[in-house]
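Please look through the report below with the sequence and the model side by side.

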Amino acid sequence: MNIDSINNGIVIDHITAGRGMKLYELLGLDTAECSVAIIRNVSSAKMGKKDIIKIDADIPIDLDVIGYVDPGITVNIISDGKICDKKSIEMPEMLKNVIRCKNPRCITSVEQELDNIFKLTDRENSVYRCIYCETKAK
């Protein structure tokens with residue numbers, strides 16, 4: 001299989017196999033005006049198998065979303081066909097409007113204008129909790 005290289009854009013690499021589509025949806029890449037390639041189950045010496053997302057434009061992406069979905073991902077910024085910046089992503093301390101609280105009694109269910117904010121409460125187990133009702137994110 002051949003996937004063309006990109007001259008200017010973003011390559012999201014080292015995504016745990018199977019998580020590429022979730023990341024694609026949460027980043028809103030389905031509405032992007034540029035070409036986006038999702039490559040699934042690529043052989044990797046380091047990970048066994050991995051997913052890769054290539055974005056053929058330098059668009060803003062939310063690094064907090066990436067850290068929430070799969071910490072340890074590498075984001076490569078490509079300019080003139082070469083990597084000009086490489087970022088290793090970690091879990092963010094706070095998530096704002098990335099996910100919604102599932103608790104029907106949470107104030108965010110009633111007050112629609114409130115931001116959905118989750119705080120990292122257990123880094124080892126990747127646990128985020130709603131700051132309003134303490135419900136664990138799924």
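This is a predicted model: local features need pLDDT of at least 70, side-chain atom pairs count only at pLDDT 80 or more; totals for chains, interfaces and linings use all residues.

Residues are numbered from 1 along each chain as its sequence is written, and side-chain values use heavy atoms, with hydrogens and water left out.

**The chain as a whole**

The chain holds three helices and eight strands, where helices (H or I, at least four residues) and strands (E, at least two) are DSSP runs numbered from the N terminus. Along the sequence these elements come in the order β-α-β-β-α-β-β-β-α-β-β. Taken along the principal axes, the box filled by the C-alpha atoms is roughly 50 × 30 × 25 Å.

Of the 138 residues, 38% count as buried; buried means under 20% relative accessible area, exposed means over 50%, and partly exposed lies in between, with a 1.4 Å probe and protein chains only. The accessible surface of the chain comes to about 8500 Å², and 45% of this belongs to carbon and sulfur atoms; such areas come from the Shrake-Rupley method with a 1.4 Å probe. Contact means heavy atoms within 4.5 Å, and among the contacts with a separation of 6 or more, 56% are between residues 24 or more positions apart.

**An aromatic pair**

How many aromatic pairs does the chain have? Rings of Phe, Tyr and Trp (its six-membered ring) pair if their centres lie within 6.5 Å, with planes under 30 degrees apart counting as stacked, over 60 as edge-to-face and the rest as tilted. By this rule the count is one aromatic pair. The ring centres of Y68 and Y128 are 5.5 Å apart and the ring planes stand at 75 degrees, so this pair is edge-to-face. The pair links distant parts of the chain, as Y68 belongs to helix α2 (residues 63–69) and Y128 to strand β8 (residues 127–130), 60 residues apart. Both Y68 and Y128 are buried.

Leaving aside neighbours within four places in sequence, Y128 has contacts that include Y68, M91, P92, F118 and T135. Y128 and I117, eleven residues apart in sequence, have their C-alpha atoms 9.5 Å apart.

For C84, the nearest cysteine sulfur is that of C34, 16 Å away, while for C130 the nearest is that of C106, 3.7 Å away.

**Positive phi angles**

In general, most residues other than glycine have a negative phi. H14 has a positive phi near 60 degrees, and this residue lies in strand β1 (residues 9–16). N97, which is not a glycine, has a positive phi of about 60 degrees, and N97 is found in the loop between β6 (94–96) and α3 (107–110).

The table gathers the accessibility of residues discussed above.

| Residue | Relative accessible area | Class |
|---|---|---|
| Y128 | 1% | buried |
| C130 | 1% | buried |
| H14 | 18% | buried |
| N97 | 45% | partly exposed |
| C84 | 51% | exposed |

Terms used: A disulfide is a pair of cysteine sulfur atoms within 2.5 Å.
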